[in-house]
Amino acid sequence: MDGLGASHCYLRGPSDSLTVVEHCDKKLETSPILFVNYIFGFLLLLRTLLVFQPMPKKESPKLVIPKHMAVVFTDDAHVYLSCLIDIIAHSVFYGIEKLTFFDPWCILESRKYEITAELRKFFESRPNQRRILFNEESDGEATKALRVTILGSNDGRASLVRACKQLCHSTEEVSIASVYEKLATEHIQDPDFLLKVGNLNSLAGYPPWNLRITELLSISSFEVPNRVQDYEFLRFLQTYSSRDRRLGK
Amino acid sequence: MGEKTTTAKSIQPVQNKNFEPEWFVDRKLPWWSYFAKRWLKAGPLPKHVAIIMDGNRRYARTHKYGSVIEGHSRGFTQLTQVLDWCRELGAIEVTVYAFSIENFKRSDEEVQGLMKMAEKKFEKLLQERVKLEEKRIRFRFFGNLKLLPIKLQKLMAEIEWITKDFEQGYINVCLAYTAQDEIARSMEYIRRGVQKGLLEEDDINEWLVSKCLDTRKSFDVDLLIRTSGENRLSDFMLWQCSNCYLHVVDVLWPEFDFSHLYKAFLAFQKNYRPIEELNYVIREDVSEKAKEKSQDFLDWMEKDRETYTLSLLES
């Protein structure tokens, strides 16, 4: 075959070497030599196809688990206790260390203790590898606990006003570190990943200081409105893992 | 501000035929823009648009430019275009994130290249003063400007001075800026005010903190646009954008065109009412009496800020 009208198709063979298969557009001739060549070509193609292995799939990026995940509800219709339970359960499973829930109407914050009691009751009745701490509870144990914090709009810009009121009496200059220190006393820290649930594309007053380099993901609602499925949660983490965090560089 | 005694180093405006403007270039809009603008102006428009111009370096790499600085230069041309478009669509104020304090971590070559480029562009802006006066656009610079080279600071002070009375449009350029640094500087002013006896702890509220930020004389940010598809704020106007409409566009900054901006404005209109309702819920109400009580402190703070600017103009 002289390669007239030839095109090449590269397939990966079993030893990972490239096998070149030529296709020829030339019309079949009746010459016996050409006939043998075509038979040989056909056998070569058959051999290649029989030992063909598809290109190895690109490996999905390694799952990067955020240390601190925040969930912001921008639609009051999506705030279900069952969603909180599911998210906490998934966070325990994946090793997330801190979870913050926020809604701007203070639906969660105004019922913080009631919700915490329900959550505590649910998780204490199930064997957990990790302890779950709610709100201001202190961690006296050596094992890594999951800390769950519930915030509302009173913790947005208002948290910075409270920090300013404390810092205004100091003789030392206000610094970024000193503001962080004051916010940390209220368990307000930088989330690595923020999941915003609802159709409103706004951060709805979430504590602004702490969103410096937070990766944001918006969804209009969970697939089942009052549940967060495990594959869905995994998808959120995969999205987070795929982000390129350059940090200004 | 007091009377300025400018030095001979001030850049003079240029008006000859061969002068090629860079900041104010007459460009045509797409043919459909007339109808698009009419449609848009029937609804609420964002007064203040903030933009994170991300993607210059990736653009330079994908288009095989010689250096990332050429990508930034292309990004600057894009900026002047987008500023025009924003004015056409009714946004009075535009704030752009030009250089973060974090960007000082980049290579010396890139940082020096960006500083030199900024100097040339600001010198050019001073040369285009006639157009500035005609359009009456006020320029302001936000950030920890003392981190920048002195020559750049002087150029920025000069630009702020000559445009200080213009009121038909506002362009704010954030250089050596991060939101946390801005908020910390604002709190530091409040701390000094308390130490001086000009303020009490009970006078501190959200309104006061807003009045001490670099954006203290700006409209509230209505719309934040980020290009290149990255979904984060990167320490940009965290306080000001805590409840504004966020719009992420998956194109690199130099590829951001009029249709992308138009879609952002349309999306803003669609989300306008729920965001306004939410603002009503979360904003702190501060009485006029409380605001008046802080006036002496605010006057002192303005004077303190102006002292440094005047020293740059007079040096």
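These legends walk through several close-up views of a predicted model.

The model is predicted, so to speak of local features a pLDDT of at least 70 is needed, side-chain atom pairs count only at pLDDT 80 or more, and totals for chains, interfaces and linings use all residues. Residues are numbered from 1 along each chain as its sequence is written, chains are lettered from A and ligands numbered from 1 in the order in which they are written, and side-chain values use heavy atoms, with hydrogens and water left out.

**View 1. Confidence along chain B.**
Let us start with pLDDT, the predictor's confidence in each residue, from 0 to 100. Chain B averages 89, and 94% of the residues score at least 70. Helices (H or I, at least four residues) and strands (E, at least two) are DSSP runs, numbered from the N terminus. Over residues 1-9 of chain B the pLDDT is below 50. Where pLDDT is low, the predicted coordinates should not be read in detail. For the complex, the predictor gives an ipTM of 0.90 and a pTM of 0.84.

**View 2. The six-stranded sheet of chain B.**
Here you can follow an open sheet in the order β3-β4-β2-β1-β5-β6 (chain B), with parallel pairing; two strands pair if DSSP finds at least two bridges between them. β3 (137-142) and β6 (245-248) of chain B stand at the edges with a single partner strand each, so one side of each is left without a neighbour in the sheet. From one strand to the next, the twist averages 20°.

**View 3. Strand β2(B) and its partners.**
Strand β2 (residues 93-100) of chain B runs parallel to β1 (residues 48-52) of chain B, joined by five bridges, and Ala50(B) stands opposite Thr95(B). With β4(B), β2(B) pairs over seven bridges, again in the parallel sense; there Ser100(B) has Tyr177(B) as its bridge partner. Seven of the eight residues of β2(B) are buried, meaning under 20% relative accessible area, against over 50% for exposed and in between for partly exposed (1.4 Å probe, protein chains only).

**View 4. Helix α4 of chain B on the sheet.**
Helix α4 (residues 108-127) of chain B lies across β2, β3 and β4 of chain B, at about 150° to β2(B). Axes are lines fitted to C-alpha atoms, for helices over the stretch in contact (heavy atoms within 4.5 Å), and angles run from 0 to 180 degrees between N-to-C directions.

**View 5. The largest nonpolar core.**
A nonpolar core is a set of buried Ala, Val, Leu, Ile, Met, Phe, Trp, Tyr and Cys residues joined through side-chain atoms within 4.5 Å. The largest one holds 111 residues, and Phe122(B), Phe139(B), Ile190(B), Leu224(B), Phe236(B) and Phe297(B) touch the most other members. Helix α9 (residues 258-282) of chain B gives the most to this core, nine residues. Not counting residues up to four places away in sequence, Phe122(B) touches residues including Trp23(B), Phe141(B), Leu152(B) and Leu175(B).

**View 6. Lys151(B) with two glutamates.**
A salt bridge is a side-chain nitrogen of Lys or Arg within 4 Å of a carboxyl oxygen of Asp or Glu. Lys151(B) forms one with Glu119(B) (3.4 Å, N to O) and another with Glu123(B) (3.5 Å, N to O). Glu119(B) lies in helix α4 of chain B and Lys151(B) in helix α6 (residues 150-162) of chain B, so the pair ties together parts that are 32 residues apart in sequence. Glu119(B) is buried at 12% relative accessibility, Glu123(B) is partly exposed at 23%, and Lys151(B) is partly exposed at 46%.

**View 7. Salt bridges between the chains.**
Glu102(B) forms a salt bridge with Arg212(A), the closest N and O atoms being 3.6 Å apart. This pair crosses from the loop between β2 and α4 of chain B to the loop between β7 (193-197) and β8 (215-219) of chain A. A network of salt bridges links Glu215(A), Arg243(A), Asp54(B), Arg58(B), Arg226(B), Glu230(B) and Arg232(B).
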